[in-house]
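Here is a short note for someone opening this entry for the first time. Please read the points with the structure in view.

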Amino acid sequence: RIAVLEESGNMPLAYISAKLHGLEEHAERIQVAIETNGGSVEGLMDKVDTSTKKAGCLLQPPTPIVRSDNWPTLPIEKHTLEDLEAAAAEAEHSGEEEYHDAIPAHAAPEPSATAWGGDDLDEGDMGGFGDDDLDLGGDGGWDDDLDLGDDFGDKHDAAAPPDEMDGIQNVSDDATFDMPPAGRAPAGCWVANSSHAADHVAAGGASSALQLLNRQIAASEFSVLKDTMIGCYLGSTMSLPGVPGSGSMNIPLLRNDAGGHPGSDSLPRTSLKISNLVAGIRSGYRFFQGGKFNDSKNSFTDVLKKIPLVITENRNEANEVKEMLEICREYITAIRIKGAMSGCASDPVRSTELSAYFTHCNLQPIHLLLALRSAMGTAFKHKNFILAASFARRLLELPDMASERNADLRVKATKVLQKSEQMARNEHTLNYKENTTFYIDCKEFVPIYSEAESAKCSYCGSHYSESMKGMVCTTCTFSTVGVQTIGLVTGS
């Protein structure tokens, strides 16, 4: 470092470096050079904090964790031509030793350490192993011991010595060592090994991920899924700091590496799990119970956005995810109906109809109790006694009504039922048939009976009238209504 500073003309820095690291001889030499050029070293060391030991610490690159003789080189096997050249050199060297040692022709040669190259010797080197010592048959060689077929060319004359360099001129220019082919990048493996949009997002393949979502669940409003997709992409890798002065390395996180690295069959580890969905649904339940309907709707909507990017491990988890999807759809629809009830409180017909539809959402028993209590009160208030009696009966049939905490509500429902049975009339004509199966139009909030044609959201399954075909679902807010697709894909 001092030499570099000197050569570049930074004599003051070179002097400071020499003094900091205790190289006094270099410091004196540099001081002479500075003073010769009319400079001075006074005050240079005042600019450096030398009060601590770390002030003069020399930074060294870290010691490698893996220490091997060939690290990080790649072992390369010797080429066949190299083996032939080595064998020829050994044979020539052996022949020279035999010549200098003047071994007689009838003496048997001692076996050498290079006995594996016996095929390189011709008959002239066999010495005493002639026909008198060993009967080799009519061929006088080893040709009959192994039939290699016609693939190895014509047989040579046994009397002629084999040419070790035969065919060397016919070797092509590419007869050299071939480097192993480069492995596929993890992102490329993830895209090739999976048909789930989350794996494509984790690999950075946003275009292919959007295509999968469009083909599988008819997703079209992708801006709603932007934050979820970004989180899925960032959660598939980790940043590992490198040596000082170098950048951090992005390490892919794999979900199928429990038994070792899967190689080209690798799949990414995604940040969204079923536990995240469960936490969101519980939060929505809590807000719904407390009457915070906007917060509850936000919680269920957030779960709807995450479900397409959650990967399940088995069939049970897949069924749980699909059940959560239905829960979110029902609660979001119920909350939207509840909001519409507040907007038409002055209209007795519409408010009574909405309160009746509200009770047909598939809610938890404790929440259905609240919906029936509200609908019973609305119907009784607007003198629709037939409907009020129906809600009172359904309310009294709930298991939770047997508990002591609902004793007052049980008494109230009993009184409403008695009064309604006495009056036995509805004040208004309502668009509601209690004993007929129907779906709720999630845009207009009117019943769609089984005999009527309807369209469904390809993702969440919300029902609409035929006029909503090709439009974005108002429940999940990102899928198209009326497109027939394969549906939600939960596994890779």
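Leaving aside its neighbours within four places in sequence, which residues is S420 in contact with? The first point takes this up. Note before starting that this is a predicted model.

1. **S420 and its contacts.** S420 sits in helix α15, which covers residues 407–423. Apart from neighbours within four places in sequence, S420 is in contact with F380, F385, A388 and A389. Is S420 buried or exposed? Its relative accessibility is 1%, so S420 counts as buried; the cut-off for buried is under 20%.

2. **The chain as a whole.** The chain has 15 helices and six strands. It runs to 492 residues, and buried residues make up 31% of them.

3. **Helix α2 and its cover.** Helix α2 spans residues 11–20. Its buried residues are M11, A14, Y15, I16, S17 and A18. What covers them includes α1 and α3.

4. The whole structure holds nine salt bridges. One of them joins the side chains of E6 and R29, at 2.7 Å from N to O. This pair links distant parts of the chain. E6 belongs to helix α1 (residues 2–7) and R29 to helix α3 (residues 24–36), 23 residues apart. As background, side chains of opposite charge can pair when their charged atoms come close.

5. **Two further salt bridges.** K306 pairs with D302, and their closest N and O atoms are 3.1 Å apart. Both residues lie in helix α10 (residues 293–306). They are four residues apart, about one turn of the helix. D302 is partly exposed, with a relative accessible area of 34%. In another salt bridge, E466 pairs with K469, the closest N and O atoms being 3.3 Å apart.

6. **Aromatic pairs.** How many aromatic pairs does the structure hold? There are 11. Among them is Y357 with F438, whose ring centres are 6.3 Å apart. Why is this pair called edge-to-face? The ring planes meet at 70°, so the pair is edge-to-face; the cut-off for that class is over 60 degrees. Y357 lies in helix α12 (residues 348–358) and F438 in strand β3 (residues 438–440), so the pair ties together parts that are 81 residues apart in sequence. Y357 is buried at a relative accessible area of 1%. F438 is buried at 11%. Elsewhere, Y285, F288, F293, F300 and Y331 form one aromatic cluster.

7. **Helix α11.** This helix has 29 residues, 315–343. A side-chain oxygen of N314 reaches to within 3.2 Å of the backbone nitrogen of N316.

8. **S236, a loop residue.** S236 is found in the loop between α8 (226–234) and β1 (237–240). Setting aside residues up to four places away in sequence, S236 touches W190, A202, I251, P252, L253, P268 and R269. With A202 there is also a polar contact: the backbone oxygen of A202 lies 3.2 Å from a polar atom of the S236 side chain.

Key: Residues are numbered from 1 along each chain as its sequence is written. This is a predicted model: local features need pLDDT of at least 70, side-chain atom pairs count only at pLDDT 80 or more; totals for chains, interfaces and linings use all residues. Side-chain values use heavy atoms; hydrogens and water are left out. Helices (H or I, at least four residues) and strands (E, at least two) are DSSP runs, numbered from the N terminus. The expected span of a helix is 1.5 Å times one less than its number of residues. A polar contact is a pair of N or O atoms within 3.5 Å; within protein, one must be able to donate a hydrogen and the other to accept it, and residues adjacent in sequence count only if both atoms are side-chain atoms. Buried means under 20% relative accessible area, exposed over 50%, partly exposed in between (1.4 Å probe, protein chains only). Contact means heavy atoms within 4.5 Å. A salt bridge is a side-chain nitrogen of Lys or Arg within 4 Å of a carboxyl oxygen of Asp or Glu. Rings of Phe, Tyr and Trp (its six-membered ring) pair if their centres lie within 6.5 Å; planes under 30 degrees apart count as stacked, over 60 as edge-to-face and the rest as tilted.
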